[in-house]
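Dear colleague,

Please read the notes with the model open beside you.

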Amino acid sequence: MARPRQTIVSLEDTPYYHCCSRVVRKAFLCGFDKSTGENFEHRREWVDARILELATIFAIDICAYAVMSNHLHVVVKVDADKAKNWSDKDVLMQWHKGFKGTLLTHKFVKGEDLNEFELNTVNDCITQYRQRLIGISWFMRSLSEPIARMANKEDKCTGRFWEGRFKSQALLDEAAVLACMVYVDLNPIRAKMATTPESSDYTSIQRRINSAIKGEQPTELLPFVGNERLNMPNGLMFSVKDYIVLVEDTGRIIRQDKRGAISASSQGILNRLNIPAENWLKITTEFGGLFKGAVGALPALTDYCEHLDRKRRQGAANCQRWLCA
């Protein structure tokens, strides 16, 4: 039985989550369908653009994503502190970027006078919107609904485009986050839709590589900020160069038609994460199959389950086997 979303998301334990959504019947509604000869590849661009647009609205950062022919993956970081520090006006301005709001919320943003009843109504909206802007369910809903409407309009039909629920997994530690990001970024290579990370269209790794060539990091994605230190900025605790090399090394080993090996810099990351190379390759090729629930070291998994009143630690055996040396 599917779990309510509030029994899966625990920001007390982790801000990082892996979400996956599939189209109905697992059909090729976002890519090229060889059986019919129909090409819906342009719809992947719709999804790609919408993911990045939502990152400017929600207090949710994009760590990694991949838009495939019949499903999408996105790894997100919920920035609850950012939403908490927004002023009331900031919350409404963020909401109005993607949603209509109400007549009263627009009057509040413009600085127009409101009576006591109207002001109380607006305050209720602000409280609701602030919570929604850190909500993974609202993020995924806001991603899927416009795409479904556009696709149905193009197909001149009605009905579901996406499956009813999206899958979400809590990523409880650094190792789980990095392994899931690499798994997501290498999706097109495993599916033989691309031969290299830089040729993997509609993925975060292609966007990161294109920016790295210019000596930059993409502003739309959560940046890599290096090793942990005082006054740590918001970001991923690795260097972008090391991450790209790690993805490249892993991708070359996964492909049977390429010679590949773990380089010194990639081995350094694996040593830091305390993951043997053979375990790393297993995780990054079979992440979705190995882990059905939260992912992380056993102490973090135990705390997560206790906070959500779980009676058992789902997936504890695989977490112990593959994420511990």
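In what follows, buried means under 20% relative accessible area, exposed means over 50%, and partly exposed is in between (1.4 Å probe, protein chains only). This is a predicted model, in which local features need pLDDT of at least 70 and side-chain atom pairs count only at pLDDT 80 or more, while totals for chains, interfaces and linings use all residues. Residues are numbered from 1 along each chain as its sequence is written, and side-chain values use heavy atoms, with hydrogens and water left out.

Counting as a salt bridge a side-chain nitrogen of Lys or Arg within 4 Å of a carboxyl oxygen of Asp or Glu, the model has twelve salt bridges. One of them joins the side chains of Glu154 and Arg43, at 2.7 Å from N to O. Because Glu154 lies in helix 6 (residues 136-155) and Arg43 in helix 1 (residues 42-55), this pair ties together parts that are 111 residues apart in sequence; helices here are DSSP runs of H or I with at least four residues, numbered from the N terminus. Arg43 is buried, with a relative accessible area of 0%, whereas Glu154 is partly exposed at 35%. Arg43 and Glu154 also belong, with Asp155, to a network of salt bridges.

Within helix 1, Glu53 and Arg50 are three residues apart, separated by about one helical turn, and their side chains meet in a salt bridge of 3.1 Å, N to O. Arg50 is buried at 13% relative accessible area, while Glu53 is partly exposed at 37%.

Notes. Helix = DSSP H or I, 4+ residues; strand = E, 2+ residues; numbered from the N terminus.
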